[in-house]
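Reader: I would like to learn how to read a structure like this one, feature by feature. Could you walk me through it?

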Amino acid sequence: MAYQDMESRVKNELAGQKPSEVTELILDNCRSTTMVGITEEYVELEVLSVINVGLTTLQGFPSLPKLRSLELSDNKISGEFDCLKNCPNLVSLKLCNNKITDFASLETLKELTKLASLDLLECPIASEENYRENVLKSLSQLVYLDGIDREGNAEPDSDEDYEFDEDEGEVESGASGEEDGEEEEGDEDDEEDEDEEEEEEEEGKEVEKGEEEGNGVVNSNGEDSSDVPPAKRAKLDDASDLSNGATEIES
């Protein structure tokens, strides 16, 4: 099977577009040991995939100011990542199954402050002792390493799920927004439950008050004895008894 060289593949992918209009470029399975055919004219390029091409170096990688996702898996790259400094908005970098063997080769990635996701699966370095701990410590800006975050949660399917906070300089996952929304809904439900409980308590108090009023006793003097102090009530009762006795004698 004959593979197309990278430069010819780039021209085919343009399909009549100008380089300055291209936002995504997929060059998987073409052939080249170096990056050719892609220039600084690709000022709007956000996604670049160069899987299984045979790359041995990234020297000559162009400045791509809007590049967010770079896929370089299944090549023969061992280092030389300093040229990626010209891609300041890079969020996701996939380097699976390359020839990366030591932590020192990753040091220059520190300058990519927006880099949230790095994939090094099937690279020799991934077999090193304390590999994960050392990489995450060295590249403190990373949220995900090999598809897993620092708490053991899986990475979103697409780098589009990341939202970069320009003021804080941090990358956040869109999933967190959904969780916040769920928490807000939960708070609203709790408030409604509290309102219902308060209404029920008020109704209960009104019923009790009505029952107490219904049980009030009116003495012979027309006073509601339920509101009369016990001592005065006893005097009223005695007076009532005397009055009744007098009436009986007169009759």
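Reader: Which residues are linked in a network of salt bridges?

Author: Happy to start there, with one reminder: this is a predicted model. The network links Lys-94, Asp-119 and Glu-155. Lys-94 meets Asp-119 at 3.5 Å, N to O, and Glu-155 meets Lys-94 at 3.6 Å, N to O.

Reader: Which parts of the chain do these pairs bring together?

Author: Lys-94 is in strand 4 and Asp-119 in strand 5, 25 residues apart. Glu-155 sits in the loop between strand 7 and strand 8 (162-165), so its pair with Lys-94 ties together parts that are 61 residues apart in sequence.

Reader: Why do Lys-94, Asp-119 and Glu-155 count as buried?

Author: Buried means under 20% relative accessible area. Lys-94 is buried because its value is 15%. Asp-119 counts as buried at 10%, and so does Glu-155 at 16%.

Reader: How many salt bridges does a search of the whole structure find?

Author: The search finds 5. One of them joins Glu-107 and Lys-110 at 2.9 Å, N to O. Here the accessibility reads another way: Glu-107 counts as partly exposed at 34%, and Lys-110 counts as partly exposed at 40%.

Reader: Which residues are buried in helix 1?

Author: In helix 1 (residues 6-14) they are Met-6, Arg-9, Val-10 and Leu-14. Their arc around the axis is only 140°, which puts them on the same side of helix 1. These buried residues pack against strand 1. The two ends deserve a look as well. At the start, a side-chain oxygen of Asp-5 comes within 3.2 Å of the backbone nitrogen of Glu-7, while after the helix comes Ala-15, with a positive phi near 50°.

Reader: Now the loops. What does the side chain of Lys-114 make a polar contact with?

Author: With the side chain of Asn-89, at 2.5 Å. Lys-114 is in the loop between strand 4 (92-94) and strand 5 (117-119), and counts as buried at 14% relative accessibility. Another loop, between strand 2 (47-49) and strand 3 (69-71), holds Gln-59. Beyond its neighbours within four places in sequence, Gln-59 is in contact with Glu-80, Asp-82 and Cys-83.

Reader: Where does pLDDT stay under 50?

Author: Residues 174-179 are one such stretch, with 1 contact beyond four places in sequence. Residues 214-223 are another, with 15 such contacts. Where pLDDT is low, the predicted coordinates should not be read in detail. The protein chain averages a pLDDT of 79, and 65% of the residues score at least 70.

Terms used
Residues are numbered from 1 along each chain as its sequence is written. This is a predicted model: local features need pLDDT of at least 70, side-chain atom pairs count only at pLDDT 80 or more; totals for chains, interfaces and linings use all residues. Side-chain values use heavy atoms; hydrogens and water are left out. Helices (H or I, at least four residues) and strands (E, at least two) are DSSP runs, numbered from the N terminus. Buried means under 20% relative accessible area, exposed over 50%, partly exposed in between (1.4 Å probe, protein chains only). A polar contact is a pair of N or O atoms within 3.5 Å; within protein, one must be able to donate a hydrogen and the other to accept it, and residues adjacent in sequence count only if both atoms are side-chain atoms. Contact means heavy atoms within 4.5 Å. The arc is that of the directions from the helix axis to the C-beta atoms. pLDDT is the predictor's confidence in each residue, from 0 to 100. A salt bridge is a side-chain nitrogen of Lys or Arg within 4 Å of a carboxyl oxygen of Asp or Glu.
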